[in-house]
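Subject: A structure for you to explore

Hi there,

Here is the structure I promised to hand over. Please open it beside this email and follow along as you read.

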Amino acid sequence: MAENEDGTEKTEDASAKKLQDAREKGNVARSRDLSSAALLVVSAVAMYMVGMLIVDDLMSLYTFNFSLAREDLFDVAMMIHHLYVSIMTAVDSLTVFMLIVAAAGIIGSVALGGFNFTMQAVQPKLSKMNPITGLKRMFSVQSLVELLKSTLKILLVGTVAAFVLMHYLPTLTGLAFETIGMALSHTLEILIWAFILVSSSLIIIAAIDVPFQAWQHKDKLKMTKQEVKDEHKQSEGDPQVKGRIRQLQRQAAMRRMMSDVPKADVIITNPTHYSVALQYDQESGKAPVLLAKGNDFIALKIREIGNYYDIPVIQSPALTRAVYKHTEIGDEIPEGLFKVIAQLLAYVYQLKLARSGEKPPEQMPSLDVPEEFQWNGDI
């Protein structure tokens with residue numbers, strides 16, 4: 001099981017953030033044996049597919065360059081022509097093969113871990129020059145595994161190569177008695193099949209190495225329980241800090257709300273538990289807006305500010321609870337409360353007119369709250 005330098009066991013799987021950070025640093029699972037096997041096997045198969053075409057081109061090129069007239073040997077232009085034709089013929093013959101091999105090399109490299117390009121992986125690190133660290137790597141479990149894999153590869157590839165050589169030995173000895181064309185053809189056939197058989201043996205190594213590299217990469221990135229907690233704090237934020245931020249936000253919102261109370265046209269109370277402050281702009285033609293609301297201590301502060309600025313404070317428990325429950329600060333009151341709020345505002349305006357000497361209203365109208373807006377005040 002993976003451990004930290006302090007001996008703490010890493011029991012937790014790597015988080016998404018740690019996996020992403022490792023990927024950005026170029027730390028992804030890779031299998032060199034898979035890359036080698038893919039490159040060699042595909043190269044062998046590609047050689048089998050286009051090998052005879054390459055032989056035919058080489059034969060035609062051989063004939064073209066060795067069937068020269070005597071005067072062509074002294075003609076510089078003709079020799080340049082032969083060189084150009086030879087190069088283009090070779091390029092045409094090998095282009096398909098080289099493209100297939102290049103594709104196999106790329107796919108084999110990114111098959112495990114996916115494509116990943118980062119400059120951090122190529123940046124020089126002084127820690128890699130530390131001789132003590134180098135000695136630790138030399139005598140690590142990873143080095144032992146690599147040594148075992150190399151030994152296994154040598155034994156496996158050597159055994160397969162020996163069997164292939166023994167199988168084709170009679171054919172190889174008979175090449176000396178064949179014509180050049182037949183010898184080239186047979187030689188290429190032997191080389192291709194030997195290449196395919198020997199390369200295919202690496203598939204066994206890759207089949208072992210791929211799951212091992214994936215497991216090792218996952219094991220190296222494991223985290224301790226404390227690392228998981230620390231990362232969670234960094235990503236989500238310290239609960240104490242977040243709590244303090246929320247507290248400051250509530251305080252700022254409360255100050256803004258209380259600063260708007262003096263703009264209210266009326267304050268409706270429960271009378272003790274709830275208070276709401278409404279503003280109505282006749283010129284805008286919009287519905288009344290809730291400037292502030294609160295319960296208990298906040299409700300008391302809203303009433304105190306209203307009394308200080310001489311804002312009418314009306315007691316209507318049902319209407320207060322309805323506005324408190326169904327309206328947020330800064331929003332217009334619901335359409336279902338338009339009628340009852342209009343009755344209240346009309347009464348408030350009559351009170352204001354009475355202060356300037358006009359006849360006061362006889363009594364406050366009955367503020368009947370629609371049944372769907374009624375609320376008993378339970379939170």
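This is a predicted model: local features need pLDDT of at least 70, side-chain atom pairs count only at pLDDT 80 or more; totals for chains, interfaces and linings use all residues.

Residues are numbered from 1 along each chain as its sequence is written, and side-chain values use heavy atoms, with hydrogens and water left out. Strands (E, at least two residues) and helices (H or I, at least four) are DSSP runs, numbered from the N terminus.

**The sheet**

β1 covers residues 266-269, and β1 and β2 make a hairpin with four residues between them. The two are paired in the antiparallel sense over four bridges; strands count as paired if DSSP finds at least two bridges between them.

Which way do the residues of β1 point? Val266 and Ile268 point one way, Ile267 and Thr269 the other way, and all are buried (buried is under 20% relative accessible area, exposed is over 50%, and partly exposed is in between, with a 1.4 Å probe and protein chains only).

Two of the partners to look for are Ile314 for Ile268 and Val313 for Ile267.

On to β3, which runs antiparallel to β2 and is joined to it by six bridges. Here Gln279 has Val289 in β3 as its bridge partner. Most of β3 is covered, with five of its seven residues buried.

Put together, the strands make an open sheet of four in the order β3-β2-β1-β4, with mixed pairing. β3 (289-295) and β4 (313-315) stand at the edges with a single partner strand each, so one side of each has no neighbour in the sheet. From one strand to the next, the twist averages 20°.

**Helices on the sheet**

Helix α9 (residues 297-308) lies across β1, β2 (274-279), β3 and β4, and runs at about 130° to β3. Helix α10 (residues 317-326) packs on the sheet too, touching β1, β2, β3 and β4, with its direction at about 75° to that of β2. For these angles, axes are lines fitted to C-alpha atoms, for helices over the stretch in contact, and the angles run from 0 to 180 degrees between N-to-C directions. Contact means heavy atoms within 4.5 Å.

The loops around α9 hold two residues worth a look. Asp296 lies in the loop between β3 and α9, and Asp310 in the loop between α9 and β4. Neither is a glycine, yet phi is positive in Asp296, at about 55°, and in Asp310, at about 60°. Asp296 counts as partly exposed at 42% relative accessibility, and so does Asp310 at 49%.

**Elsewhere in the chain**

Is Ser201 buried or exposed? Ser201, in helix α6 (residues 180-220), is buried, with a relative accessible area of 4%. Leaving aside neighbours within four places in sequence, Ser201 is in contact with Leu156, Val157 and Val160. Thr159 is 42 residues away from Ser201 in sequence, and their C-alpha atoms are 9.6 Å apart.

Glu372 is exposed, with a relative accessible area of 59%. Its C-alpha atom is separated by 9.3 Å from that of Ala322, 50 residues apart along the chain.

Leu83, in helix α3 (residues 76-110), is exposed as well, at 53%.

**The whole chain**

The chain has eleven helices and four strands. Of its 379 residues, 30% count as buried. Among contacts between residues at least 6 apart in sequence, 75% join residues at least 24 apart. The chain exposes about 24700 Å², and carbon and sulfur atoms supply 63% of that; accessible areas come from the Shrake-Rupley method with a 1.4 Å probe, and for residues only the protein chains shown count as cover.

Enjoy looking around!

Best wishes
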